[in-house]
Amino acid sequence: MQPTDLVILSDYGLDDAVALAHILEHREQFGRIDVLAVAGNTSAENSFGNAAKLLARAGVAAHDVTLVDTSAEPQPWTQLPSIHGTDGLGDLFPPAQPTVPVTTYAAWLAGADRPFTLLSLGPCTLTARILAQVGARPLVLMAGLVHEKPNFNGYEFNHELDKAAFAETVRYPHVVATLDTCRVPVFNSIDRRTDGATLKGQLINRAIELAAARHPENCYIYDYVAAQYLTDPERFTTDVCVDPWGNTLTQLRVL
């Protein structure tokens, strides 16, 4: 069976970066990969620059990965330097020119009439627009919460930045890695520093460093969990539940 194409919407905080590095380590499981750099943890412009840095450092071949610039689209965002550093990536890497083809969001959307898996790791603003235009696809999100303590203004961060888009997105068939999915001991990375030999290892180490400065007992790299579901789905099951705002979620649970 031919591997499915993958569309990743990421706002390139550290957890998004770890998720992308993980997907690239499992490149053989996917067909073409389109990387949409969206706003959220940082501006869309900065997110695009961070995606370019990551793809350049990963040595990604240009023939089957495309970087999509969404900066012309209005999108909510805020900066969280204590979590993601001032540049969204924990100030790890210098700027780099894109090493893969680049297109605009408008041009990408005009050609998005093919089957693909959609992995949404940021606010759902553009996710909802894509689903409205091209229909429901296999859809994996990192967003929301059910019983866990909120992490941003009474909500999960990706949910809070565009509540209406989140509610619209989860009306489509989906699975979602919520804060409840991610805040379990198996995903606590606080004692899992690596030797930094890989791109993912460097990013995990920086995420742990920043997390330990805030709360030395845990480091949950949320978007990494959603990426692990895509590469290793047999580790997970799902339950259907309703969040505190009345959204019905098909929530991932690690086995």
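Mentor: A word on the ground rules: this is a predicted model, where local features need pLDDT of at least 70, side-chain atom pairs count only at pLDDT 80 or more, and totals for chains, interfaces and linings use all residues. Residues are numbered from 1 along each chain as its sequence is written, and side-chain values use heavy atoms, with hydrogens and water left out.

Trainee: Why is the sulfur of Cys 219 too far for a bond with the closest cysteine sulfur?
Mentor: A disulfide needs a pair of cysteine sulfur atoms within 2.5 Å. The sulfur of Cys 219 is 12 Å from its closest partner, in Cys 182, so a bond is ruled out. Likewise, the sulfur of Cys 124 is 14 Å from the closest one, also in Cys 182. Searching the whole structure gives 0 disulfides.

Trainee: What makes Cys 124 buried?
Mentor: Buried means under 20% relative accessible area, exposed over 50%, and partly exposed in between (1.4 Å probe, protein chains only). Cys 124 has 0%, so it is buried. Cys 219, at 2%, is buried too.

Trainee: Why are α2 and α9 called oblique to each other?
Mentor: Angles under 35 degrees count as roughly parallel, over 145 as roughly antiparallel, 65 to 115 as roughly perpendicular, and the rest as oblique. Helix α2 (residues 44-58) and helix α9 (residues 199-214) pack at about 135°, so they are oblique.

Trainee: Which residues make that contact?
Mentor: With contact meaning heavy atoms within 4.5 Å, Leu 54, Arg 57 and Ala 58 of α2 meet Leu 199, Gln 202 and Leu 203 of α9.

Definitions and conventions
Axes fitted to C-alpha atoms, helices over the stretch in contact; angles between N-to-C directions. Helix = DSSP H or I, 4+ residues; strand = E, 2+ residues; numbered from the N terminus.
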